[in-house]
Amino acid sequence: MKLTITAAIHARWGHRVDGLIHTHAWTLEATVEGDPDCDKVYPVDDLEYLLTATVEPWHGHYLTHEDVGVWKGLQPLVWDREPTVEEIARRIYASLADKLPRLIQVGLVESTEFDRSRTVRFTRD
């Protein structure tokens with residue numbers, strides 16, 4: 001048995017996938033586990049802060065693996081891999097794992113603004 005807490009934030013950034021630059025509203029979640037008898041798994045305000053701090057450097061940028069210049073006022077932030085939803089989730093998990101040893105999952109929901117959305121979950125075994 002385990003006790004977990006999940007915190008979520010909303011953010012907006014762009015990415016370039018399959019040659020198309022676009023922005024989304026994103027929901028970013030992190031789940032931390034704790035002892036089943038603990039009073040508090042993790043301070044939720046601290047968890048929300050870490051989520052926000054992780055994606056703050058992306059504000060004003062679009063994620064890309066190939067610099068194609070400024071797009072609608074957004075500067076490119078070049079990665080070594082195409083910034084698919086899966087790759088973004090991997091990087092968020094890697095960034096948080098050092099700060100949250102009991103992190104068990106990162107969820108990334110891509111856009112619920114329109115008629116569809118996608119969710120990727122990166123989970124520790």
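Q: Which residues are buried in H2?
A: In H2, the buried residues are Val85, Glu87, Ile88, Ala89, Ile92, Tyr93 and Leu96, where buried means under 20% relative accessible area, exposed over 50% and partly exposed in between, with a 1.4 Å probe and protein chains only. Helices (H or I, at least four residues) and strands (E, at least two) are DSSP runs, numbered from the N terminus. This is a predicted model, in which local features need pLDDT of at least 70 and side-chain atom pairs count only at pLDDT 80 or more, while totals for chains, interfaces and linings use all residues. Residues are numbered from 1 along each chain as its sequence is written, and side-chain values use heavy atoms, leaving out hydrogens and water.

Q: And what covers those buried residues of H2?
A: The cover includes strands E1 (3–17), E2 (20–34), E3 (61–64), E5 (103–110) and E6 (118–123), together with helix H1 (44–55).

Q: What is Ile88 in contact with, leaving aside its neighbours within four places in sequence?
A: Ile88 is in contact with Trp13, His15, Trp26, Trp58, Leu63, Trp79, Pro83 and Leu108, contact being heavy atoms within 4.5 Å.

Q: OK, new topic: how many residues has the largest nonpolar core?
A: It has 27 residues, and those with the most contacts inside it are Trp13, Ile88, Ile92, Leu96 and Leu108; such a core is a set of buried Ala, Val, Leu, Ile, Met, Phe, Trp, Tyr and Cys residues joined through side-chain atoms within 4.5 Å.

Q: Where does the largest share of this core come from?
A: From H2, with six residues, while E1, E2, H1, H2 and E5 each supply at least two.
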